[in-house]
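Let's walk through this structure together, one region at a time. Please keep the model open beside you as you read.

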Amino acid sequence: MSQEKPTNKLTGFVRWLTSIFKSNEENPNTDLPTHTAPPSPQQAPARNADTTVLRYGNTTVTLNKSQRFVAQHATKSRGGMESNNESAQDTLNGFALIDIQATKSRSATNANEAQDGFAVYHFSDKNEAEALIPSGEIYLVFNNNTSMTQRQQVLQSYAWQIKEQRGIMEYILQADPAMAIGIVVQLQQNPAVSIAEPDLISRPSYATFTMPSDELLSDLWHLRNTGQHGEWSPTSFKKGADAKVIDAWEHLGNMGDPQIVVAVIDSGFDLQHPDLGGSNKVVAPYDFETETTDPNPRLGDWHGTCCAGVAVGSANGIGIVGVAPMSKLMPLRFSGISDSQVEKWFNYCMEKKADVVSNSWGSADSEFVMSTRMFNAIKRCATEGRNGKGCVIVFAAGNTNRNINAYKPDQYTGFATHPNVIAVAASNSKDEKATYSNYGKSISICAPSNGAGGAGITTADVTGTIDLPDGQIGFKGYDEGDYTYSFGGTSSACPLVAGVAALVLSANKQLTAQQVKNILENTTDKIGSASDYSANGHSVYFGFGRINALKAVQKAQNPAAINNSSGSPIASTSNTTNTSNTPQTNNTTNPTVMVLPLSAQRSATFSAAGQEHVYALQIGGTLNVQLDSSTSGNDFDLYIKRNALPDPSKRIYDFSSADEGSSERISIAQVNSGSYYLLLRAYQGAGMCEMVANFNTIATNARPLSLTAKATTQLSKVGQPSAYYKLSIGKRLQVKVNSSAKANIDVYVKKAKAPRWNDYDGRGISKAANETIALDDVSAGLYYILVRCQTGAGDYQLQVQLSVE
């Protein structure tokens, strides 16, 4: 196919391009236009040979020209009518892939359209069906030592359009798709060029899920209960009485994310077991008794291996498979329970980046009470692990068929009563309460395990043999061989839930630990009798119900559903500061809480084009809150708590200012995330008051902006003694510039230093007077805002807001 040669306008082109380069290099604040197609004096070479060798990415590839397919623009045919080519196999990014062979048996029109198509390619080691369509885009990077003249010579050599300039050396160019490969071949031979690569469009590959082939999969009824498993009697099962794990795999298209790490704190772990060992499976193993990295079992240490198998046993075609078989295992062996040990365990989980922590253990004392150090260690892990999102901590409820809340019902005693953990009871293979399972108001959910009348759990067991005193050979583990078929208790239910939590995080890594807990509680299946559940859907026997992994991962992928879910609250105690990002309510009267946005604004004037104003804005740091009243004779107080409503009557607050009178001040250092709840309380008198909260900005050579929230309200000791407000240290920074002037105003934002035209985190350059930038997932620090008047002059208003959405 011949190509009409474009009109040669070399003189005009050189003059145009030279002016652009001169302007851009002398004044780098001027962006190179990307919307104009300059004239081009030279035509690209003709269509390539059948084989082309290119540097591509960090390697060299060989492209073979397809003998079967060609491509054409999908929207128009030769005559300008909509293309309706019956031989098109796919439409990819605006191009139709045409099967040349198929046109032989079709109409002459289709054959002509196929002839008008341009060449497509495939990698030499692939078949023709894996076609690569050149879009015409070319990524071009010049060598650093090239001069402006050398770059001009290259840029004026071909018929293309400059779509985007990324600095002086880097370009995105648009050529004729039919010519793109030939142009790249020549560019790669040019000493002025560092990188030249064509944009190649390929068909997407959609992942499909393949069921694992592990030999004992059919025995794992807790993953999918079909009503008949292994050698158990059919009367041991109720079809569907399972955790819906395989359904979750099928929905996700995988069996968990290898980046998710499940820590199991327990007795020893057989890391030579085929379903648990391997450098790709195990991360950060540790034995806290010997203080070594060898957590392998001692004599009788069989429990941990079984728990690990339930949670993350590998899908390798051998034996069993865990709930999240692709996730990693962090095996942590322990012995006695003490303050220092509990601190070490959970601090280690935080430091070594565990995502989920499974704990199938507790104190043998039914009246055991967690010490403050234990309580805080678990809480810190649950709220500060995972870079502030919190580790998901799961505890077994226990196996003595007792109420875990009976001893000191209004306090947190045993580990499973800790408000920041997921307490797991057990149900059996017939969706009945496991007769041994502990119960109580602290139970979050239940999960399938063994139980009277039901089947046991098949899982990994300690391998190998031991010499017995009588000279005989005995087998390690609960059963002979590498697997046990009768594991159970809440010890099995707990790692099952931990595995589901890993699947939930595989579906959405951004979830906090509290959000995972809420999701699991809000996606359960109600089992037992309706009378077992309270008005809010909770049962002391089953928690919020039997876990459903499918519903959980589905909800994890639905941000709107996550934000609307409630779940159980994170607790607040009078002696500790809550660090979770999920608010709770300590006040049973459900007071109205007004959300106050943190914002800043400034008005200024540009007197001429080319002027710039630089502003500085501090996110996080020291939060200053002040309360004042102009009415004499009042005594108003100020209380603040992180992520919970303060309640002075119960001494529940983190900060307070209750001086005589109504002038109160609180400064909170190192405020970087979370929400802060403010209580304005009338201790005496009545009148208007104003509350102001802000972050101070300290910066040189910039105009400071202070993120501020204000509220004015009427307080009265008798009529309205309290007012509640919420400040959230949000993750979205929105910057707006508004002006009614006839001007072109641009705005740039960058963290830690002043932005420039080519160095920024966000920018608005729409060639108008009004611009908006939104930066998501901002972190605490100093941000700089550059406002520049490109053309014109006049007044403008800069508005900044930090929000949670």
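Two strands are said to pair if DSSP finds at least two bridges between them. Helices (H or I, at least four residues) and strands (E, at least two) are DSSP runs, numbered from the N terminus. This is a predicted model, in which local features need pLDDT of at least 70 and side-chain atom pairs count only at pLDDT 80 or more, while totals for chains, interfaces and linings use all residues. Residues are numbered from 1 along each chain as its sequence is written, and side-chain values use heavy atoms, with hydrogens and water left out.

With those terms in hand, look at a pair of strands. Strand β21 runs parallel to β32 (residues 722–728), and 4 bridges join them. Val593 has Tyr724 in β32 as its bridge partner. These two strands belong to an open sheet of 5 strands, in the order β21-β32-β28-β25-β26, with mixed pairing. At its edges are β21 (593–596) and β26 (655–657), each of which pairs on one side only. From one strand to the next, the twist averages 20 degrees.

Now step back to the whole chain. The protein chain holds 12 helices and 38 strands. Of its 805 residues, 53% are buried, where buried means under 20% relative accessible area, exposed over 50%, and partly exposed in between (1.4 Å probe, protein chains only). A contact means heavy atoms within 4.5 Å. Among contacts in the protein chain between residues at least 6 apart in sequence, 74% join residues at least 24 apart.

Next, find strand β15 (residues 422–427). How many of its residues are buried? In β15, 6 of the 6 residues are buried. Ile422, Val424 and Ala426 point one way from the strand, and Ala423, Ala425 and Ser427 point the other way. On one pairing, 3 bridges join β15 to β14, and the two run parallel; there, Val394 has Ile422 as its bridge partner. β15 also pairs in the parallel sense with strand β16 (residues 445–448), over 4 bridges, and Ala426 stands opposite Ala447 in β16.

The expected span of a helix is 1.5 Å times one less than its number of residues. The 13 residues of α8 should therefore span 18 Å, and the end C-alpha atoms are 17 Å apart, which agrees. The buried residues of α8 are Met374, Phe375, Ala377, Ile378, Lys379, Cys381, Ala382 and Thr383. What covers them includes α7 (339–351), β13 (356–359), β14 (392–396) and α10 (513–522).

How does α7 lie against α8? For such questions, axes are lines fitted to C-alpha atoms, for helices over the stretch in contact, and angles run from 0 to 180 degrees between N-to-C directions. Angles under 35 degrees count as roughly parallel, over 145 as roughly antiparallel, 65 to 115 as roughly perpendicular and the rest as oblique. The axes of α7 and α8 are 8 Å apart, at an angle of about 5 degrees, so the two helices are roughly parallel to each other. Residues making the contact include Val342, Phe346 and Met350 of α7, and Met374, Ala377 and Cys381 of α8.

Val500, Leu503, Val504 and Ala507 in α9 meet Ala549, Ala552, Val553 and Ala556 in α11.

Finally, let's turn to some backbone details. Most residues other than glycine have a negative phi. Just after α8, however, Arg386 takes a positive phi of about 55 degrees. Gln670, which is not a glycine, also has a positive phi of about 55 degrees. Gln670 is found in strand β27 (residues 664–671) and counts as exposed because its relative accessibility is 69%. For Ala752, phi is near 80 degrees. Ala752 sits in the loop between β34 (743–751) and β35 (762–764), and is exposed, with a relative accessible area of 61%.
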